[in-house]
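I opened my notebook to look up how this chain holds its parts together.

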Amino acid sequence: MENSKTISDYQKWQAIVSCDKNYDGIFYYGVKTTMIFCRPSCKSKTPIQDNVVFFDNAAQAIAEGFRPCKRCRPDKLFFEPELEILNKAIDLFHVTYNKQINLEYASRQLGVSINHLIKIFKQYTGLTPMQYISRVRVDKAKMLLKQEGIGIPEIAYAIGYESLSSFYKCFKDQTGYTPNEYRKHRGDL
Ligand SMILES: [Zn+2]
């Protein structure tokens, strides 16, 4: 059986354009503008080629911050109850990232213990839930920094930071730049 490593990017792109079912489960593709990932056979509109990134498996796409397409359900190709919990957690964090994070509440919502939630997260993404949330926040901050007329304190508050200094620290840790530097370069960094 072919695997993702032996298929060229050109072949992968052809598979996406023709919605070729034969490649389902062999690779996945994400669309950078929507941060959604799909199976090659997905019938949704063919994305712009420059915006497409390839993944060897669904967990990899999720670890990179992509969310499964609601149409082709790339996470449902094989039965993985833990992946299901992970996806639910990710959905929850994308809705609540700007609130005070309460892992106890989150794990209760998902019907698992906090330790189990942390274990699943680590296993699939290499990150703890808190690290994941902080990544989501920094991603949102990057988008907001590209817009004019929103002050940095406003951004920090809007994405859920209680203090400006913790926002600066998280942003710098993840991007290597201060929010000011990032803004000055209009996100070209
Ligand atoms: Zn899809």
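**Ground rules.** I wrote down one definition before anything else: buried means under 20% relative accessible area, exposed means over 50%, and partly exposed lies in between (1.4 Å probe, protein chains only). The model is predicted, so I noted that local features need pLDDT of at least 70 and side-chain atom pairs count only at pLDDT 80 or more, while totals for chains, interfaces and linings use all residues. Residues are numbered from 1 along each chain as its sequence is written, and side-chain values use heavy atoms, with hydrogens and water left out.

**Entry: Arg73 and Asp75.** I began with this pair. Arg73 has a relative accessible area of 27%, so I wrote it down as partly exposed. Asp75 has 6%, so Asp75 is buried. Their side chains meet in a salt bridge of 2.7 Å, N to O. I noted the rule: a side-chain nitrogen of Lys or Arg lies within 4 Å of a carboxyl oxygen of Asp or Glu. Why can such pairs form? Side chains of opposite charge can pair when their charged atoms come close.

**Entry: around Asp75.** Where does Asp75 sit? I found it in the loop between strand 4 (67-68) and helix 3 (81-96). Helices (H or I, at least four residues) and strands (E, at least two) are DSSP runs, numbered from the N terminus. I then listed what Asp75 touches: Pro68, Leu83 and Asn87, not counting residues up to four places away in sequence. Contact here means heavy atoms within 4.5 Å. With Asn87, Asp75 also makes a side-chain polar contact of 2.8 Å. A polar contact is a pair of N or O atoms within 3.5 Å; within protein, one must be able to donate a hydrogen and the other to accept it, and residues adjacent in sequence count only if both atoms are side-chain atoms. I also checked Phe37, which is 38 residues from Asp75 along the chain. Their C-alpha atoms are separated by 9.4 Å.

**Entry: the domains.** I looked up the domain assignment of the chain. It gives domain 1 (4-74), domain 2 (81-126) and domain 3 (131-184). The bounds come from an automatic or database domain assignment. I took domain 1 and domain 2 as my pair. Their centres, taken over C-alpha atoms, are 24 Å apart. In contact are 7 residues of domain 1 and 8 residues of domain 2. Together the two domains bury about 670 Å², and 60% of that is on carbon and sulfur atoms. Buried area is the accessible area (1.4 Å probe) that two parts lose on being put together, summed over both. Ala59, Ile62 and Arg67 lose the most area on the domain 1 side, together 62% of what that side buries.

**Entry: across the interface.** How many salt bridges cross between domain 1 and domain 2? The rule finds 2. I looked up the side chains of Asp91 and Arg67, which meet in a salt bridge of 2.7 Å, N to O. On the domain 1 side, helix 2 (58-63) and strand 4 are the elements that give two or more residues. Helix 2 gives the most, with 4 residues. Asp91 is partly exposed at 27% relative accessible area. Arg67 is partly exposed too, at 26%.

Entry: Asp24 lies in the loop between helix 1 and strand 1, and Arg39 in the loop between strand 2 and strand 3, so the pair ties together parts that are 15 residues apart in sequence. Asp24 is buried at 14% relative accessibility. Arg39 is buried at 17%. Ser41 lies in the loop between strand 2 and strand 3 (52-55). It is buried or exposed? At 9% relative accessibility, Ser41 counts as buried. Its side chain makes a polar contact of 2.7 Å with the side chain of Asp24.

**Last entry: Cys19.** Cys19 is not a glycine, yet it has a positive phi of about 50°. I placed Cys19 in the loop between helix 1 (9-17) and strand 1 (28-31).
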